[in-house]
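This briefing gathers the main features of the structure shown below.

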Amino acid sequence: MFTGILMPRKFGAETALLVAIAGSLILRSVSDIWMIQNATVIESAIITMNRPKFRTSLVKFLAAMPAIAVVNNVLKWSIGELKIRLRSNMTKYLFDEYLK
C-alpha cells in the first residue's frame, strides 16, 4: 500500500535517494575502518618516536578529511531530502483522499 504512496515510481527520485543513502553508509563504514587503522599507525609512530612515519600518517589523515566530510554531508543531505519527499508524498495522498 505505502509503496505506491511514498514511492510513486519504481525508478524515481526517492529510489535514487535510497541508493545514495546506501552508498553513503557503505563509504562511511569503509572510511571509519580506515580511520581506525590510520589512528593506530599514528599512535604507534608516536610511541616509537618515528618522525617520518608520523608525518606521512598525519598527511594521509589530513588528506582524507575532505573526502570523509563529503561522504558525511552527502549522507546527511540525502536522508533529509528523502524525509521531505516522503512527507510530501504522504501529504499529497492524504489531501487527495480527503478531497474525494
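A residue is called buried when its relative accessible area is under 20%, exposed when that area is over 50%, and partly exposed in between. Asp96, with a relative accessible area of 36%, is therefore partly exposed. The model is a predicted one.

**Helix H2**

- Helix H2 comprises residues 13-48, 36 residues in total.
- At 1.5 Å a residue, H2 should span 52 Å, and this agrees with the 52 Å that separates its end C-alpha atoms.

**The loop between H2 and H3**

- Met49 follows H2 and is found in the loop between H2 and H3.
- The phi angle of Met49 is positive, about 55 degrees, although Met49 is not a glycine.
- Met49 has a relative accessible area of 73%, so this residue counts as exposed.

**Helix H3**

- Helix H3 covers residues 51-99.
- H3 bends by about 30 degrees at Met65, and a proline, Pro66, follows within four residues.
- Among the buried residues of H3 are Ala64, Ile68, Val71, Leu75 and Leu82.
- Ser57, Ser78 and Asn89 are likewise buried in H3.

**Salt bridges**

- The structure holds three salt bridges.
- Glu81 and Arg85 are joined by a salt bridge between their side chains, with an N to O distance of 3.6 Å.
- Glu81 and Arg85 lie four residues apart in H3, which means that about one helical turn separates them.
- Both partners are partly exposed: Glu81 has a relative accessibility of 23%, and Arg85 has a relative accessibility of 32%.
- Lys92 and Asp96 form another salt bridge, in which the closest N and O atoms are 3.2 Å apart.
- Lys92 and Asp96 both belong to H3 and are four residues apart, about one turn of the helix.
- Lys92 is exposed because its relative accessible area is 54%, whereas Asp96, at 36%, is partly exposed.
- A further salt bridge links the side chains of Glu97 and Lys100, with 3.0 Å from N to O.
- Glu97 counts as partly exposed at 35% relative accessibility, while Lys100 is exposed with a relative accessible area of 75%.

**Nonpolar surface patch**

- Leu58, Leu62 and Met65 make a nonpolar surface patch of about 240 Å².
- Leu58 is found in H3 and counts as partly exposed because its relative accessibility is 31%.
- Met65, another member of the patch, is also the residue at which H3 bends by about 30 degrees.

How values were computed: Residues numbered from 1 in each chain as written. Predicted model: local features only at pLDDT ≥ 70, side-chain atom pairs only at ≥ 80, totals over all residues. Heavy atoms only, no water. Patch = residues over 30% accessible without salt bridge, like charges linked within 9 Å, V, L, I, M, F, W, Y side chains within 5 Å. Areas by Shrake-Rupley, 256 points an atom, 1.4 Å probe, with all protein chains shown as cover. Salt bridge = Lys/Arg side-chain N within 4 Å of Asp/Glu carboxyl O. Helix = DSSP H or I, 4+ residues; strand = E, 2+ residues; numbered from the N terminus. Buried < 20%, exposed > 50% of the residue type's maximum accessible area, 1.4 Å probe, protein only. Bend = angle between axes of the 7 residues up to and from the residue. Expected span 1.5 Å × (residues − 1).
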